[in-house]
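Please work through each task before reading its solution.

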Amino acid sequence: MHELSLTHEIVAIVCQAAGDRRVHRVTLEIGERSCATPESIEFCFDIVAKGTCAEGARLDIRRTDGDDLMVRTMEIEEAA
Amino acid sequence: MCGHCGCGEQEHEHERADGTRHSHSHTPAPTTLVELQTRVLAKNDAIAARNRGWFAGREMLAVNLVSSPGAGKTTLLEQTIRDLHGRYDISVLEGDQATSLDRDRIAATGAPVIQLNTGTGCHLEADRSRAG
């Protein structure tokens, strides 16, 4: 159940960095020992991102060995 | 992005809602890759560090007691508070999804207690503990 809170934080991190530019892709790293379930975050992401700069963005998830949960990179539209 | 199906492929073919197929190619909108390298729990960790400092500054030992429902957290607390009565000042932040039944049980021991209800959440984030 805590994946919903984590996903809110992921979207907040992305949108703060993106300003008002649209986000096309977000790459996450989820550690084996992070206690976060990738499928749950995927499930929550579309719902949480709705109405934000990350709405419709593609979420790429990489599994790692560690215990960290990190927002690695994002692809945003180029500044006009 | 493809205006028909929303996919990001440059060249593709797929079925429309009416069963007809279409194929097309288009150039995706130019994007910039931004390195974020941000730990998702960084903000929570910062608040948690402040909480730890708050406790340390008051020479308080904070114990996080977590288990599955019905394991006996509140029973253990009731007994501990009664056994240590007069030797230590014990206060409780009681985190539950909906009820204040456990707060009432702790209150009956005479220890100060604050109930935090998390609603749909199953855990206490650092800012909730801080608010408590």
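**Exercise 1. A salt bridge between chains**

Which side chain meets that of A:Asp68 in a salt bridge?

*Solution.* The model is a predicted one, in which local features need pLDDT of at least 70 and side-chain atom pairs count only at pLDDT 80 or more, whereas totals for chains, interfaces and linings use all residues. Residues are numbered from 1 along each chain as its sequence is written, chains are lettered from A and ligands numbered from 1 in the order in which they are written, and side-chain values use heavy atoms, with hydrogens and water left out.

Step 1. Apply the criterion: a salt bridge is a side-chain nitrogen of Lys or Arg within 4 Å of a carboxyl oxygen of Asp or Glu. The partner of A:Asp68 is B:Arg39, with an N to O distance of 3.0 Å.

Step 2. Locate both residues. A:Asp68 lies in the loop between strand E2 (58–64) and strand E3 (69–77) of chain A, and B:Arg39 lies in strand E3 (residues 31–39) of chain B, so the pair joins two chains. Helices (H or I, at least four residues) and strands (E, at least two) are DSSP runs, numbered from the N terminus.

Step 3. Buried means under 20% relative accessible area, exposed over 50%, and partly exposed in between (1.4 Å probe, protein chains only). A:Asp68 is partly exposed at 29%, and B:Arg39 is partly exposed at 32%.

**Exercise 2. Salt bridges within the chains**

Determine which parts of chain B are tied together by the salt bridge of B:Glu78 and B:Arg105.

*Solution.* Step 1. The closest N and O atoms of B:Glu78 and B:Arg105 are 2.9 Å apart. B:Glu78 belongs to helix H2 (residues 73–83) and B:Arg105 to helix H3 (residues 101–107), so the bridge ties together parts of chain B that are 27 residues apart in sequence.

Step 1. B:Glu78 is buried, at 14% relative accessibility, while B:Arg105 is partly exposed at 33%.

Step 2. Consider further bridges. B:Arg103 pairs with B:Asp104 at 3.5 Å between the closest N and O atoms; B:Arg103 is partly exposed at 31%, as is B:Asp104 at 41%. In chain A, a network of salt bridges links A:Arg25, A:Arg58, A:Asp60 and A:Glu75. Over all chains, the structure holds eleven salt bridges.

**Exercise 3. The architecture of chain B**

State the order of the elements in chain B from the N terminus on.

*Solution.* Step 1. Chain B has four helices and five strands.

Step 1. Their order is β-β-β-α-α-β-α-β-α.

Step 2. Of the 132 residues in chain B, 18% are buried.

**Exercise 4. The interface of chain A and chain B**

Describe the extent of the interface and the side that chain A contributes.

*Solution.* Step 1. With contact meaning heavy atoms within 4.5 Å, 23 residues of chain A are in contact with 21 residues of chain B.

Step 1. The size of an interface is often given as the accessible area lost when the parts come together. Here the buried area (the accessible area, 1.4 Å probe, that two parts lose on being put together, summed over both) is about 2000 Å², and carbon and sulfur atoms give 61% of this area.

Step 2. Two salt bridges are counted between chain A and chain B. On the side of chain A that touches chain B, the elements that give two or more residues are helix H1 (3–18) and E3 of chain A. E3(A) supplies the largest share of that side, nine residues.
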